[in-house]
Amino acid sequence: MNKPVAFFSMVMSALFVALGIMIPLRPRGMFASLPQYTLILMGVLLVAYGIFRFFRAYKMINKKD
């Protein structure tokens with residue numbers, strides 16, 4: 001993975017974290033049919049995946065050649 005792809009991956013990981021935070025705090029009516037625990041679980045999974053992607057991209061950027 002080259003550095004521009006790693007930077008794009010870092011940006012995408014930040015978006016995953018932001019989406020994971022926004023889903024449980026959604027506006028009224030959005031995802032109305034899902035129970036609250038499902039929304040919290042989706043948010044936690046998205047935040048964890050975003051953190052995982054971020055550290056993987058960070059490792060690629062700082063890799064010793």
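This is a predicted model: local features need pLDDT of at least 70, side-chain atom pairs count only at pLDDT 80 or more; totals for chains, interfaces and linings use all residues.
Student: How far does H1 reach from its first C-alpha to its last?
Tutor: Helices are DSSP runs (H or I, at least four residues), numbered from the N terminus. H1 covers residues 3–22, 20 residues in total. The expected span is 1.5 Å times one less than the number of residues.

Student: How far apart are the end C-alpha atoms of H2?
Tutor: H2 has 26 residues. At 1.5 Å a residue they should span 38 Å. The end C-alpha atoms agree with that, at 38 Å.

Student: Within what arc do the buried residues of H1 fall?
Tutor: Buried means under 20% relative accessible area, exposed over 50%, and partly exposed in between (1.4 Å probe, protein chains only). The buried residues of H1 are Ala6, Ser9, Met10, Ser13 and Gly20. Seen down the axis of H1, they line one face of the helix, because their arc, taken from the directions from the helix axis to the C-beta atoms, is within 105 degrees.

Student: Which residues are exposed on the other side of H1?
Tutor: The buried face holds residues such as Ala6 and Met10. The other side of H1 has exposed residues. They are Pro4, Phe8 and Met22.

Student: Which helix do the buried residues of H2 pack against?
Tutor: In H2, the buried residues are Leu39, Gly43, Leu46, Gly50, Arg53, Ala57 and Ile61. H2 (36–61) is in turn included in what covers the buried residues of H1. Contact means heavy atoms within 4.5 Å. The buried residues of H2 pack against H1.

Student: How are H1 and H2 oriented, roughly parallel or roughly antiparallel?
Tutor: Axes are lines fitted to C-alpha atoms, for helices over the stretch in contact, and angles run from 0 to 180 degrees between N-to-C directions. The axes of H1 and H2 come within 8 Å and cross at roughly 160 degrees. Angles under 35 degrees count as roughly parallel, over 145 as roughly antiparallel, 65 to 115 as roughly perpendicular and the rest as oblique. That makes H1 and H2 roughly antiparallel.

Student: Which residues does Ser9 touch, not counting residues up to four places away in sequence?
Tutor: Ser9 sits in helix H1. At 9% relative accessibility, Ser9 counts as buried. Its contacts on that count are Arg53 and Ala57.

Student: Which residues does Arg53 touch, not counting residues up to four places away in sequence?
Tutor: Arg53 is in helix H2. Its relative accessibility is 19%, so Arg53 counts as buried. On that count, Arg53 touches Ser9, Met12, Ser13 and Phe16.

Student: What is the C-alpha separation of Ser33 and Ala6?
Tutor: Ser33 lies in the loop between H1 and H2. Ser33 is exposed, with a relative accessible area of 71%. Ser33 and Ala6 are 27 residues apart along the chain, and their C-alpha atoms are separated by 37 Å.

Student: How far apart in space are Pro35 and Pro4, C-alpha to C-alpha?
Tutor: Pro35 is also found in the loop between H1 and H2. Pro35 is partly exposed, at 34%. Pro35 and Pro4 are 31 residues apart in sequence, and in space 39 Å.

How values were computed. Residues are numbered from 1 along each chain as its sequence is written. Side-chain values use heavy atoms; hydrogens and water are left out. Helices (H or I, at least four residues) and strands (E, at least two) are DSSP runs, numbered from the N terminus.
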